[in-house]
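Here are a few friendly notes to read alongside the model. Please keep the viewer open as you go through the points.

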Amino acid sequence: MASTPPSSMKAVVIDKPGGPDALRYAEDFPVPKLKDGEVLVQTKYSGVNYIDTYFRSGLYPAPQLPLVLGYEGVGQVASIGTSNPQALKEGDTVIWMHQSTYSTYCAVPAEKLVKVPEGISVEDALGSYLMGITALALTKESYEVKKGDTILVHAAAGGVGLLLCQLGKAAGATVIGTASTAEKCETARANGAAHMVNYRDNPDWVAEVQKIAPEGVSCVYDGVGKTTWDGSLEVVKRKGSVIFFGSASGPPPPLDIQRLGKKVTKITRAVVFQYIVTREELEYYAGLLFGHLKKGSLRANIHKIYDLKDVRQAHVDLEGRVTTGKLLVRVDT
């Protein structure tokens, strides 16, 4: 790794919102200039997450155009700006959640960088980072899963879903999951789900869940959104919680607050970045995740690693719901 970065780099950008075809692969995109407090990192891998598709489609407004997508990366420190509060050195292996990771170099605020501990591979670190912190925050703060709980995890074979299954089982809860294929159901079972409902074979998944948990579930973790919204409210028990943390099928409809009165249901719209606003919160959850990885109490599930020029296919696969676990992009080739 050169100490003086080149002036241009590889990147995947959008010039305007749209479908996967809006993604443009460039080999001559300008390397970002560091601002005060930023560090230039040479990206090794980028994560692929639904938030990337939200910015690409226009569901979330782009901060500027053209926009380099990607919100999660791992790599090596290439150069350090004017301040260095984390005592970083060139060559340190770091992981982060910040914009524009579909690129060879990223300018990242130093406060968002966390060193990857020895003994954890960069693939495992990134394969579980954003999703692992999300799952930990969901099960600790959105609704604290306890021994004896019964929880429902939608998209249980997805990246966050598999980690929620692992954490739920470890906490002593009974985990019910939903997925779209027999293969995905088996994957979720292997990660801690006690019961699985294949909603393509059983379109009335609400009735199937109610057979398993006649009194309702303690909590629903719903990252799907529009298509599961009504059912999630139906299967939760009295005084239960419904945690919405994603919109894979589209955003849920507006909520009639009166609907919650029937079972005094608690609803949270969980956003992982609001759980790790401070440096202390980030270090807490990152440390918790790395501890789980080292002990083997959480494991990364990497579905596939794509080349940077193939990010478009990664988006097609993710939105097509044909993947299980985490998708990574190999940036530094």
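1. A salt bridge here is a side-chain nitrogen of Lys or Arg within 4 Å of a carboxyl oxygen of Asp or Glu. By this rule there are 13 salt bridges. Please bear in mind that this is a predicted model, where local features need pLDDT of at least 70, side-chain atom pairs count only at pLDDT 80 or more, and totals for chains, interfaces and linings use all residues. Residues are numbered from 1 along each chain as its sequence is written, and side-chain values use heavy atoms, with hydrogens and water left out.

2. Have a look at helix α5 (residues 205-212), where Glu208 and Lys211 sit 3 residues apart, about one helical turn; helices are DSSP runs of H or I with at least four residues, and strands are runs of E with at least two, numbered from the N terminus. Their side chains meet in a salt bridge of 3.3 Å, N to O. Lys211 is exposed at 61% relative accessibility, while Glu208 is partly exposed at 23% (buried means under 20% relative accessible area, exposed over 50%, partly exposed in between; 1.4 Å probe, protein chains only).

3. Helix α8 (residues 279-295) holds Glu283 and Arg279, 4 residues apart. The closest N and O atoms of this salt bridge are 2.9 Å apart. Salt bridges with shared partners also link Lys89, Asp92 and Lys115 into one network.

4. Asp92 counts as buried, at 13% relative accessibility.
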